[in-house]
Amino acid sequence: MTIVARSAVELVAAVRTGELSATACVEAFLGRIAAVDGHVNAFLAVSRERALEQAAAIDGRRAAGRPLGSLAGLPVAVKDALCTTDMPTTCASKMLAGYRPPYDAEVVGRLRRADAVIVGKTNMDEFAMGGSNENSAFGPVRNPWDLSRTPGGSSGGSAACVAADMAPVAIGSDTGGSIRQPAGLCGITGLKPTYGRISRRGLVAFASSLDQIGPMARSAADCALVLETIAGHDPGDATSLGDAVPGYTTLLDEPLAGLRIGRVKTHFGPGLDPAVAEGVEQAFATFEAAGATIHEVELPHADYGIPTYYLIAPCEASSNLARYDGAHYGHRAKPDGGHRAAAGNGRQHEPAAAGGFDSPLVEMYCRSRAEGFGPEVKRRIMLGTYALSAGYYDAFYAKALRVRRLIQQDYLTAFQSVDLIAGPVSPTPAFKLGEKTGDPLAMYLVDMYTVGTNLAGIGGISFPCGFTPTGLPIGLQLQGPALSEPLLLRAAHRYQQLTEWHIRRPALPA
Amino acid sequence: MSLSLQDVSKVGLLARLALTEAEVERMTGELSKIVEFVSQLSALDTATVEPLAHPLETRNVFREDEPQPSLTPEQALSNSPNHDGACFLVPAVLGESGAA
């Protein structure tokens, strides 16, 4: 088996025993990136020299008999929403083009301290807003299974690079499905842990009550390995949980007998692609054969998930993204006169607002943000600002918060009678690039099965459970109560011992 | 529920986004459609439901009020579009627009 085809668990073991040098391991993945990323566009930055230096240092320490970290020599790709001191952090936005964070995200620091090697930063929807990666200011990622199709989003680069063997593991973030949906569309495994399980310090904020970082890999076992390192309390993130971090890898092999899995009838309603429905039904049968029992449960407010999410997330985003003012970092528009001359058409850049700007400073803010943000980010900032503005706050934002509680209560009730809920990740397999770009609302509906997890603050995992007749991966989602990561990983791992969907790899042009 | 061009222009200024006329026009249609869609929440009776702003509710986190390491001035200024070595430089805070 080639180096790049080996699992993260195998790679870490091979480097530890000396069967494989960290240098050979890192070189193999860097070589794969150089060979195929021209087709996929998964990476916004690759840290070739630094990664090889780090690998050489790990090999040196091993040769000297000194201790190595738990992920020594493991190449990891990191979504460009996490701060890294040695590579730019752009969130795939012109607003942050070339931005160099002065500190590492907590997750990045933990990976480095465990001797993982960060090979690059992955492409994404701008500021993590989108479900197709087409909102990147640096071009869309292409799905390795069909280069004319989306990898999903927003962590599309992280999903695609794992699917194409450019990294054994990637870090993503999930605000409404941004780990699970691209994992499903790219045929890999992605875990959105419980809100607060992993520190968000150094993750560029989108919607702070929903954002969560998680691992993406080719198997649940590989996700468990990485989660052990990156989970846990961080005094630098007041929302990170203090609960002890279980040994996720050692809990993987517990039997599934007696596991109660919930099936939600409305998951199988209108809009669900028949091939996806069939793949998911077969997964239920596999779990039953493994000793689990299936029970019908209801999530009565699930249909309100998308409208609730598309109020709360834009409201929080409009507040979080107010920090991009062109004053302290990020893009700043050239002074007024020069800008208009350069544009050649002053009228085009006139504010549509009657009365103009309040001051040169406000004008600088408005022009910098207009130039730095792409259309979807502007749309969500506008929607959030509108929903929070005087006269609308109660009807929209406060209303959505009340419905959010109803959605959370639905899950709490369901988890009194079942241990996990299973269903599709996305209503369809990967769609064509450009197919939904003209209709923002149609794009929002791709999150219909995933937003509930974030609104309730619970955990979810997605992994492949079949392929369409045309060869596109079909994803299964499991959702579990708060801090059920050991169970989510165990169930996914057991499924992956019984099936081979997660082993399949796309054939990319050489 | 639909938004007017004036609504969108006003929100653009509140959001500190200089929108072109074409953007205002396009966004008026798009936002009207989205607002109409999210308005379906009004069908639910939530009179007795408490708002849920955050999955981890009412949890204060304190630490001792002691100095902690922080960024140096050089680090803080390192990504600034314009600075004089000690301060961020920006256009005039007061005065007429366009006087930059």
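# Loops, sheet and core: on what grounds?

User: Ser154(A) is found in the loop between E3 and helix H5 (156–163) of chain A. What makes a stretch a helix or a strand?

Analyst: Both are DSSP runs, numbered from the N terminus: helices are H or I over at least four residues, strands are E over at least two. The model is predicted, so local features need pLDDT of at least 70 and side-chain atom pairs count only at pLDDT 80 or more, while totals for chains, interfaces and linings use all residues. Residues are numbered from 1 along each chain as its sequence is written, and chains are lettered from A and ligands numbered from 1 in the order in which they are written.

User: What is the peptide bond from Gly153(A) to Ser154(A), cis or trans?

Analyst: This bond is cis, with omega near 10°.

User: How do you know whether Ala92(A) is buried or exposed?

Analyst: Ala92(A) has 34 C-beta neighbours inside 10 Å and therefore counts as buried. Ala92(A) sits in the loop between strand E2 (75–79) and helix H4 (106–113) of chain A, with a positive phi of about 55°.

User: Why is Gly384(A) called buried?

Analyst: Gly384(A) is buried because 27 other C-beta atoms lie within 10 Å. Its place is in helix H12 (residues 375–388) of chain A. Leaving out residues up to four places away in sequence, Gly384(A) touches Pro314(A), Cys315(A), Ala317(A) and Ser318(A), where contact means C-beta atoms, placed from the backbone, within 7 Å.

User: What makes E7(A) and E8(A) a pair?

Analyst: Strands pair if DSSP finds at least two bridges between them. Strand E7 (residues 260–264) and strand E8 (residues 293–297) of chain A have five, in the parallel sense. Arg260(A) stands opposite Thr293(A) in E8(A).

User: How does the chain cross from E7(A) to E8(A), and why is the crossover called right-handed?

Analyst: The path goes through helix H8 (residues 274–289) of chain A, as a right-handed β-α-β crossover. The term applies if, with the strands pointing away from the viewer, the path from the first strand over the helix to the second runs clockwise.

User: Which strand do three bridges join to E7(A)?

Analyst: Strand E9 (residues 420–424) of chain A, running parallel to E7(A). The bridge partner of Gly262(A) in E9(A) is Ile421(A).

User: Why are E1 and E8 of chain A called edge strands?

Analyst: The open sheet has 11 strands, in the order E1-E3-E2-E4-E6-E5-E10-E11-E9-E7-E8 (chain A), with mixed pairing. Strand E1 (43–46) and E8 of chain A each pair on one side only.

User: Which residues touch the most other members of the largest nonpolar core?

Analyst: Val76(A), Val119(A), Cys161(A), Val162(A) and Ala167(A) do, in a core of 176 residues. Helix H13 (residues 394–417) of chain A gives the most to this core, with nine residues. A nonpolar core is a set of buried Ala, Val, Leu, Ile, Met, Phe, Trp, Tyr and Cys residues joined through C-beta atoms within 7 Å. Val119(A) has contacts including Phe29(A), Leu30(A), Val76(A) and Ala167(A).

Technical notes:
A residue is buried if 20 or more other C-beta atoms lie within 10 Å of its own, exposed if 12 or fewer, and partly exposed in between; C-beta atoms are placed from the backbone. Two residues are in contact if their C-beta atoms, placed from the backbone, lie within 7 Å.
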